[in-house]
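Open the structure in your viewer and keep the selection tool at hand. The stops below say what to select and what is there.

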Amino acid sequence: MSKENLSKEAGSKEAGSKETGSMAPITGRQLLAETLGGAAAAWQIDDRGLCLAGESAVDWLNHQAQPATPAYIYNGAAISAQVQAVRAVLPGTIHLHYAIKANPFPPVISHLATQVDGFDCASLAEMQRVAELAPARLAQTSIAGPAKSADEHRFAISHGVLINIESAGELQRVADVAQSLGKRARVALRVNPPFELKGAGMKMGGGARPFGIDSEAIPALIERIRTDATLRDHLALEGFHLFAGSQNRQAEAIAATLRQSLILVQDWTRQTGFMPRHLNLGGGFGVVYQPQDAPLDLAALKPVLAEIGADAQQAWTGVRVNLELGRYLVAAAGIYVTRIVDRKTSRGKIYLMCDGGMHHHLALSGNLGQVLRRNWPIVAIAQMDEPHSETVDLAGPLCTPLDVLGQNQALPILQPGDVVGVLQSGAYGASASPQGFLSRPAPGEYFVPG
Ligand SMILES: *Cc1c(COP(=O)(O)O)cnc(C)c1O
C-alpha cells in the first residue's frame, strides 16, 4: 500500500481497533519520523510520549513560568541537525546564512550564531537582534526588503550591514543617507530575475514583482554607480542578491535556478567588467509537511553546489557566495502545542476545540499564502505510540471559521486536557501570525537545547 493510502487509511472508521501490518493507522512516533527525516532523532520519545529534558513534555510544560499551552517549543538539536545536513552538501566555497524572518526568537538566533556564517535580516529589529546576540556576525549580515525605512538604512550603514538594494530609488536614498553619515554603504543589487523558481510554494521572481530590480536594468545601474559622483563616493557595490521563491522540495528546480542565476550574473560581469565580491543565491529549500511528500534530495544538490562554487571562484576569484536559508534550518525544530478544551459533535463530525489557533499559527490554518489548505502533521504528545484511529476536525478559540487547525485529521482518541503538537512549526509560525487578532494572549515560546 502506498504511503498516501496508508495515511488516508489512518483516518478510517476503525476507531480503537488494533490493526496490524500495512493497514495499521499511523502513530505519532511514525508521523514524526516520516515528516522530520534526519531531524526526528533530535526529539526524544518514550512510553510517556514526547519528552523534554528527560521529563514528559506535558510535565515539562506544566513546570514553566509561562502558560504551558498554547506554546511553541524549539529544539536546538534539531536546528543543529539541519545545519549539519546542509553543510554536508555545501562546498567550502559556499557559505551558509540564516534568514532570521523564518524564526526570530532570540535563543534560536543565539544558537545559530556559532553554526552559520552570517545572517539575513528583513527589518531594523532583526538587525538589532544580530547586533545584540551575535555582533561578530554583523559584517556577514545583510538586509533585504522592498520598502526599507531611513532608520533601517542608517542602522545598516553604521553597522556595516550589507544592504540589498531593491530599486534605483533606494540606491539614491542609501547614497544620500551614507553621505549624511560620512560613510560608504555596502550594497548589493537584488535582482528580479527573468525566471521564477519552479515548484516553489511562494514565488518571488519572474514577471513584474515588488522585489528587486528587473534583471534587464542591472547593467545600466552598474554603469550609473560607476559614473555618478554621489553614488560612486558613497556606495561600495559588492555584488548581487537573487532569491526566487520559498518552500521548494525539487532538487532539479533548485539546481536549475542556481545555474541560471550564475549565468545571469556572468553575463553582466562580462558586459560591464564589474567584479562581484559577494553573491547571495537565496534560500527556499522546502520541508515535508505531509508524510506522503518526497523530501528535498539534498544529496542530489551536492554536485551542483560544488559546480556553482567552483564556477563562481573561477569567474570572480575570492567572491563570497552565500545561501540564505530560513525554513529548512528551523521548521523541524518547532512544535506548536495546544490543549484540547472541548470535544463536541456537530451533525456527525467530531470537533476538538483547542486553546491555540490561527492567531499563533497562521500557516496551520491555511491562510498564509496557500491556495488550498492541507493538513499538517499533528501528534498527541503524550500518546505517541497510539494509532491515529479517529478522524476529527480541530478548531481554535477565535470567533471565525478561518480558525482551522485540522480537517478530517487522523489522531488517537483524545479528550479535553490532552495536548496535541503541530510538527514542522519552527518556521513562519509565531512571528508570521496575526497575534493581535481577537486580542488574545501571545503563545509561550520555549527553547530547549535538545
Ligand atoms: C524569506 C527570505 C529567505 C528565506 O526563505 P526560506 O524559504 O525560508 O528559505 C531568504 N532570502 C530572502 C531575501 C527572504 O526574504
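Keep in mind that the model is predicted.

Stay on K101 and show the secondary structure. K101 sits in a loop, with β5 (94–99) on one side and α5 (106–113) on the other. Is K101 exposed, partly exposed or buried? K101 counts as partly exposed because it has 19 C-beta neighbours inside 10 Å, and a residue needs 20 or more to be buried. An unreviewed UniProt entry lists K101 under "modified residue: N6-(pyridoxal phosphate)lysine".

The shell consists of 18 residues. Colour the shell by class to find eight nonpolar, six polar and four charged residues. Then highlight β15 (320–325) and α13 (327–330), each of which supplies at least two residues of this shell.

For the last stop, go to an open sheet of three strands, in the order β1-β2-β3 and with antiparallel pairing. Which strands stand at its edges? They are β1 (44–46) and β3 (55–56); each has a single partner strand, so one side of each lacks a neighbour in the sheet. Now select β1 and β2 (residues 49–52), which run antiparallel and are joined by three bridges.

Technical notes
Residues are numbered from 1 along each chain as its sequence is written. This is a predicted model: local features need pLDDT of at least 70, side-chain atom pairs count only at pLDDT 80 or more; totals for chains, interfaces and linings use all residues. Two strands pair if DSSP finds at least two bridges between them. Helices (H or I, at least four residues) and strands (E, at least two) are DSSP runs, numbered from the N terminus. UniProt positions are given in the numbering used here, feature names are shortened, and annotations may be inferred rather than shown by experiment. A residue is buried if 20 or more other C-beta atoms lie within 10 Å of its own, exposed if 12 or fewer, and partly exposed in between; C-beta atoms are placed from the backbone. A residue is near a molecule or strand if its C-beta atom, placed from the backbone, lies within 6 Å of it. Ala, Val, Leu, Ile, Met, Phe, Trp, Tyr, Cys and Pro count as nonpolar, Asp, Glu, Lys and Arg as charged, and the others, Gly among them, as polar.
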